[in-house]
Amino acid sequence: MSHFKDPPKKSLGQHFLHERGVIEKIVLAVNPQAGERLVEIGPGQGAITFPLLRRHGSLTVVEFDRDLITPLMEASEGLGELTIVHKDVLKVDFGKLAGDGRIRLVGNLPYNISTPILFHVLEHADAIVDMHFMLQKEVVDRMASAPGSKVYGRLSVMLQALCRVQPLFDVPPGAFRPPPKVDSAVVRLVPKPADQVGIANFGLFEAVVRDAFGQRRKTLRNAVQQLCSGDDIVAAGLRPEARAEQLEVAQFIALANHLAQRPPAAG
Ligand code: SAM
């Protein structure tokens, strides 16, 4: 008899995985090792949770839907040690959750808030070993795309600046109940060590990337004119006539770092 009686909630992006083969592929991709600390975002009815728990023996999950908390607890009995954090994932301090260790994150994310979740967890990148996320395929394509691609944009640059992005496999709508309207894909993200990221001032980097892609059709000079001059762009080794979609991640970092070490304007 199932512990889960409530119908899926659209407002919480609930599309529950049921396809065995896909679940096995996710567990294999995560491949948890003894002593590691696993945290799942959005366990839902436990499609990934229970196989991971059976295999690893312990797991922390973050779930916002109060109707799922008791059923998850009951259904996990005898499988291992399940710790449930009943909270909005966007309010979870993953640095605190990791304590003095580091965590591995897993999740079939609620698609309606997947980008805010990505940016939120990356605030704590130094506390995270890696992430395995199910997302809309279109989002994974954007995350992994290279300069010159139509889908290369702010998400690509921000993610690739901080992580190694590795798309793993695609998942069709039929693997979920109810099926989403779009194709999905599983991606592995591995945060780079802080000394490899090389961003002097993260706020400035974010601002450069946001403005550069704010108006994709504009030249770089015009797009980032609130932040700097054409001379700054040249001094950072870039062409003011270039467009954001042609620039490598390292070039955005070079421009932001140049601005970070500029002397403050007189006045
Ligand atoms: N892991 C399950 C599976 O694969 O079948 C469920 C995945 S479902 C796509 C997304 C899950 O995230 C749901 O359980 C939903 O309740 C939960 N969720 C939605 N918004 C959330 C939030 N803000 N914080 C934490 N969990 C959330």
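Thr60 touches Leu38, Val39, Glu40, Thr83 and Val85, leaving out residues up to four places away in sequence (contact means heavy atoms within 4.5 Å). Thr60 sits in strand β3, residues 58-63 (strands are DSSP runs of E with at least two residues, helices are runs of H or I with at least four, and both are numbered from the N terminus). With a relative accessibility of 17%, Thr60 counts as buried (buried is under 20% relative accessible area, exposed is over 50% and partly exposed is in between, using a 1.4 Å probe and protein chains only).

A word on the model: this one is predicted, so local features need pLDDT of at least 70 and side-chain atom pairs count only at pLDDT 80 or more, while totals for chains, interfaces and linings use all residues. Residues are numbered from 1 along each chain as its sequence is written, and side-chain values use heavy atoms, with hydrogens and water left out.

**Strand β6 and its partners**

- Strand β6 covers residues 128-136, and eight of its nine residues are buried, so the rest of the structure largely encloses it.
- On one pairing, β6 goes with strand β5 (residues 103-108) in the parallel sense, over six bridges (two strands pair if DSSP finds at least two bridges between them).
- Within that pairing, Arg104 stands opposite Asp130 of β6.

- Ala29 belongs to helix α1, residues 20-30, and is buried at a relative accessible area of 16%.
- Setting aside neighbours within four places in sequence, Ala29 is in contact with His132, Leu168 and Arg188.
- Ala29 and Val186 are 157 residues apart in sequence, yet 9.5 Å apart in space, C-alpha to C-alpha.

**Aromatic rings**

- There are three aromatic pairs in the structure (rings of Phe, Tyr and Trp, the last by its six-membered ring, pair if their centres lie within 6.5 Å; planes under 30 degrees apart are stacked, over 60 edge-to-face and the rest tilted).
- Phe202 and Phe205 make a tilted pair, 6.1 Å centre to centre with 45 degrees between the planes.
- Both of these Phe residues lie in helix α9 (residues 202-214), three residues apart, or about one turn of the helix.
- An α-helix has 3.6 residues a turn, so residues three or four places apart point the same way.
- Phe202 is partly exposed at 33% relative accessible area, whereas Phe205 is buried at 0%.
- Tyr152, Phe213 and Phe252 are linked by ring pairs into a cluster.
- Lys25 lies over the face of Phe169, 4.5 Å from the ring centre (a charge sits over a ring if NZ of Lys or CZ of Arg is within 6 Å of the ring centre and within 35 degrees of the ring normal).

- Helix α7 (residues 154-162) is mostly covered, with eight of its nine residues buried; among them are Leu155, Val157 and Gln160.
- Arg177, in strand β8 (residues 176-177), counts as exposed at 52% relative accessibility.
- Arg177 touches Pro8, Gln14, His15, Phe16 and His18, not counting residues up to four places away in sequence.
- Arg177 and Phe205 are 28 residues apart in sequence and 40 Å apart in space, C-alpha to C-alpha.
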